[in-house]
Each structure stands twice: as C-alpha cells, then as structure tokens.
Amino acid sequence: MSNGYEPGAYGPDRDGPDGYGSDGYDPDEYGSDEYSGPGDDNDTYGGGGQDGTAPPPPSQERTFAALPPASGRAFAESWWGRAWLKALEDTALDGQQLKKGRRLAREGGVGVVSVRPGRITAVVQDRDTSAYRSDVLLQELSEEEWDRFLDMAADRAGHIAALLDREMPPHLVEDASAAGVELLPVIGDLDPECTCEAWDHCPHTAALCYQVARLLDQDPFVLLLMRGRGERRLLDELQARITARAAGDEPSGPADAPAAGTAGRAVRGVPAAEAHAAGGILPPLPPPPALPAEAGVSPSLDTETDPEPGVDPTALEMLATDSAARAHRMLADALSPGHGLQPVPAALTPEQDAVRLAATARPEPWIATRLATGSGRGPAGLRIAVHAWRYGGAAALSVLDEQWTPDAASLAHARTQLAAAWDEDEAPRLRAEHNRWTSVDGALQLRYGRDGRWYPYRKENGRWTPAGPADDDPAAALAGAGQSEAGQGDTGQGDTGRSGAIRGEA
C-alpha cells in the first residue's frame with residue numbers, strides 16, 4: 001500500500017514548501033476538468049500502421065463528470081455495486097473515515113472521475129474546501145487471465161449480451177471464477193493513495209469509492225476497464241475469437257490484436273447465430289426450492305407510533321398474512337407435478353378480490369364492512385358471495401353473478417345430463433330459464449356454469465344463496481342442496497321434507 005502521493009508520478013513536479021501543491025492539489029498539475037459527455041471513452045483503436053500491421057493496444061481511459069449529490073439514495077443499488085462497497089468496507093480499518101467519506105460523496109465533493117486499467121482517480125474537496133488528489137488501485141488481470149475470460153465469454157454469448165445491457169448477471173461472475181478469473185474485488189484489493197498522506201483509506205479515497213459504486217451501477221464495463229480491458233477493446237478481442245471459431249481456427253495473433261476489418265470501429269453485440277447457439281450450452285437451472293412447512297408469520301404493527309391518517313394497522317397485518325398464505329399456496333402449486341401444463345388462472349378484479357379476502361382472511365367486522373363496500377355488494381350481498389367463494393372460488397362467484405343463455409350445443413349437453421341424472425319416476429319437476437333450472441316450489445335451483453358443472457342454490461330470506469359445491473352430476477348437486485338445508489336450524493325442515501318437495505312434483 002502506498003504511503004501517499006509521489007510527486008512527479010502523474011505530472012510535472014510542482015511542490016510547495018511542504019512537498020505538495022496547495023492543500024495537496026494543484027489544478028494545473030492534472031489538466032482541466034473538461035468533460036465531453038457521459039462516459040467519455042478514449043478506449044479506441046487508431047488504425048494499423050502503413051505496413052498493414054495491427055495497431056498497438058489503445059490507450060484506455062474513461063472520464064466521468066462529477067455526479068450530483070446523492071442525498072436520500074443508496075450509493076449502490078446493483079449487486080455488483082454493493083460487492084464493490086463491501087470490498088471497501090472490509091478493507092478499511094477505520095469506520096469513521098468511511099463515514100466521513102460517505103458524507104463527502106453525498107455532498108458532491110468528488111470531482112471528475114478518471115478510470116484507467118488498475119486505477120481510478122479524482123480530486124476530492126474536503127468540507128473546508130481543501131482539495132486532494134485521490135487514487136484507488138485495483139490489480140489488473142494478467143494476459144493469461146484475460147485469455148481465459150474471453151474464451152469463457154465466447155462460449156456463452158449471453159454473458160456479453162447482458163453486459164451490453166449494462167447488467168452483470170451472477171452466473172457471469174461465477175463462470176469467470178470457475179475459469180480462475182476474479183472480476184469483483186474482495187477484502188484488501190482496493191489500495192488507496194491520497195495526497196493527504198493517510199496510510200489507510202481516508203475520507204477522500206472512501207468518497208471516491210462510494211462515487212464509483214454509482215458509476216458501476218450504470219455500467220459494469222467500468223469494472224472491466226479497471227481490470228485492464230475497456231468495452232471496445234474487449235468486444236474486438238471477443239469478436240476475433242468468435243470469428244476464428246466460426247472459421248475453424250483459433251486466433252493466430254496476439255490476444256490484444258483486433259479482428260480483421262474491425263479496427264477503428266466498435267463491435268456492438270454478437271452474431272445472432274452465436275447467441276442462438278448459446279442457448280444449448282447454458283448451465284442447467286438449480287433444483288426447485290423446498291416447500292416450507294407453513295406460511296411465514298406477518299410482522300406485528302402494534303407499535304407506540306401512531307399510524308398515519310387513513311392507515312389501519314390491523315388491515316395491513318391482515319393483508320400481510322394473506323399475502324404470505326397466497327405465496328405459500330402458489331409455491332405448493334408450482335412444485336406439484338404437471339403444474340406447467342395447467343392454464344394460467346385469470347387475474348381477479350378488485351371486486352372479486354374483496355370477496356376472496358372476506359372468505360379466506362376472516363377479517364374483523366369493521367374490515368368486512370369496508371370489503372363489502374369495495375365489492376359493491378353491501379353486507380348481505382357479501383355474505384352470499386363469501387358462500388359462493390368458499391364452495392368454488394372465482395368460478396362459483398361468476399355463477400352467482402352471471403345469468404347467461406347457453407348455446408344450442410351447451411343446452412343439449414345440459415338436457416342430456418338432466419335426463420340421465422334420475423330415473424323417470426324420480427325426476428324432479430324443474431322450470432328452465434337461461435342457465436338456471438328451478439324447482440316448481442321455488443325453493444331449490446340448479447345453475448349450469450360455463451365450465452359444464454352444476455351449482456346448487458337454495459332460496460333464503462327471498463335471495464338465492466349457494467347451497468353446496470359444484471358437481472358434474474345434477475342429481476348429486478341438487479341432493480347436496482337439500483341436505484345442506486336440512487342442517488340449517490332455522491329452516492325447521494329435515495331432509496325428508498325437502499326431498500318430498502322435489503319428488504312430489506315429479
């Protein structure tokens with residue numbers, strides 16, 4: 001680890017009396033802070049020599065304009081940006097220095113950032129306006145390591161496609177590691193240098209690292225440049241390998257030589273044939289997760305802090321519990337055999353979901369009143385809808401709400417089922433209207449669903465109420481309705497009375 005800035009290492013020596021420029025930084029020493037655009041990339045090829053030989057490797061450097069203050073947001077949102085910051089925080093010995101660095105970065109104290117192979121540089125302004133040149137060094141990959149990385153990337157076109165989308169998928173890093181190439185820094189990899197002469201990470205190098213985490217979020221190629229290859233050079237070298245493989249040869253030139261015909265231009269993406277072929281060599285998916293024994297427990301919102309106006313903590317707890325239970329059921333369904341062959345269920349409307357919550361979450365009375373309003377049914381209508389949901393979910397709810405006229409084929413099928421359900425002398429007398437067959441005494445009803453099943457209903461207090469689960473057999477459905485009513489204490493009738501009502505009209 002360096003003991004600080006070495007005069008003359010980055011430009012002419014302009015030492016003051018203390019051996020450094022004013023406050024550790026002379027603006028003329030490092031050139032102006034002009035910026036030609038986001039991610040100004042000098043990583044270009046200048047063309048070959050006059051004798052037709054390949055050009056030398058380009059001078060690679062990118063400069064990024066000073067970013068605005070980052071108040072109210074995390075420095076790193078991507079997983080690779082967080083890995084960068086973890087390497088910093090694991091390396092630094094003094095957490096207070098990191099805290100000061102975060103504050104400087106949040107306040108916009110980091111100037112233009114220069115990124116080169118093995119080094120990032122910026123001028124960081126302290127809160128007292130003192131300016132310091134800060135560098136952070138990261139070991140470049142060796143040529144052998146780059147060869148292994150490029151060979152791996154050429155085999156997996158999806159990796160480069162992800163990078164071009166400014167993403168760094170975890171399996172790219174894992175595949176690189178399997179090839180012996182570590183892309184992300186770890187503890188001890190970020191080596192600080194600063195003109196404040198601190199021997200460990202100081203607020204200035206920490207602020208630089210926090211700012212670079214934001215750049216990494218936007219473009220993971222910044223990390224690859226620090227490791228030794230800029231975007232254009234990396235893509236050219238990769239294209240050389242792909243072209244050589246397509247021709248049945250391996251690259252004959254040096255690893256850093258560009259492919260024929262690619263000098264002076266950027267290679268964007270990979271050939272479609274390569275991307276398509278990569279589908280057959282992707283690693284297999286991991287095994288599915290084990291199903292937890294039960295849904296998770298929702299957090300308690302019963303705190304000493306008063307809720308915001310209009311927020312009901314009990315309702316929120318109910319929704320959290322319901323969400324956990326639904327997630328558990330969905331995972332159980334997904335892990336069941338043949339799940340992939342099942343049709344995707346239709347999404348519920350808000351009105352239907354209000355009924356589902358009332359039926360499954362068993363809400364408190366005041367929450368049930370809100371659900372009744374949200375469902376557009378009122379308390380009595382919601383109670384009937386809850387019965388329907390508990391008997392058959394969304395399909396049963398649709399049968400409750402919808403009256404429809406079967407087409408000729410559906411009507412013929414329904415009549416055939418009714419004729420076959422009873423012996424001739426036992427068949428009840430039913431009046432048909434649309435998709436509903438009602439007993440002549442007006443007490444029981446069969447509803448024919450669009451799914452071809454029969455749904456039993458019973459009239460209670462002047463309203464048709466679901467009386468049992470659906471059945472493919474209309475006789476079984478209607479018998480279930482009679483038995484269900486026999487168990488109701490307020491009817492005063494047993495099963496025999498109801499059966500007699502049906503059969504007496506046969």
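This is a predicted model: local features need pLDDT of at least 70, side-chain atom pairs count only at pLDDT 80 or more; totals for chains, interfaces and linings use all residues.

In which helix do Trp146 and Phe149 lie, and how many residues apart are they? I looked them up: both are in helix H3, which covers residues 143–155. They are 3 residues apart, or about one turn of the helix.

**Entry 1: ring pairs**

I searched the whole structure for aromatic pairs and got 6. I checked Trp146 with Phe149: the ring centres are 5.6 Å apart and the planes stand at 90°, so I wrote this pair down as edge-to-face, since that label needs an angle over 60 degrees. Buried or exposed, these two? Trp146 is buried, and Phe149 is buried as well.

Tyr448 has a relative accessible area of 4%, which is under the 20% cut-off, so I call it buried. Trp454 comes out at 0%, so it is buried too.

Which residues form one aromatic cluster with Tyr448 and Trp454? Trp404 and Trp437 do.

**Entry 2: arginines over rings**

I then looked for charges over rings. Arg447 has its charged end over the ring of Tyr457, 3.9 Å from the ring centre. Arg450 lies over the face of Trp404, which I know from the cluster, and here the distance to the ring centre is 4.5 Å.

**Entry 3: the sheet**

Now the strands. I found an open sheet of 5 strands, and I read their order as E7-E8-E9-E10-E11, with antiparallel pairing. Why is one side of E7 and of E11 left without a neighbour in the sheet? Strand E7 (430–433) and strand E11 (463–466) are at the edges and have a single partner strand each, so one side of each has no neighbour there. On average, neighbouring strands are turned by 30° against each other, direction ignored.

I zoomed in on E9 (residues 444–448) and E10 (residues 454–460). They run antiparallel and are joined by 5 bridges. Arg447, back from Entry 2, stands opposite Tyr455 in E10.

**Entry 4: helices on the sheet**

Terms used
Residues are numbered from 1 along each chain as its sequence is written. Side-chain values use heavy atoms; hydrogens and water are left out. Rings of Phe, Tyr and Trp (its six-membered ring) pair if their centres lie within 6.5 Å; planes under 30 degrees apart count as stacked, over 60 as edge-to-face and the rest as tilted. Helices (H or I, at least four residues) and strands (E, at least two) are DSSP runs, numbered from the N terminus. Buried means under 20% relative accessible area, exposed over 50%, partly exposed in between (1.4 Å probe, protein chains only). A charge sits over a ring if NZ of Lys or CZ of Arg is within 6 Å of the ring centre and within 35 degrees of the ring normal. Two strands pair if DSSP finds at least two bridges between them. Axes are lines fitted to C-alpha atoms, for helices over the stretch in contact, and angles run from 0 to 180 degrees between N-to-C directions.
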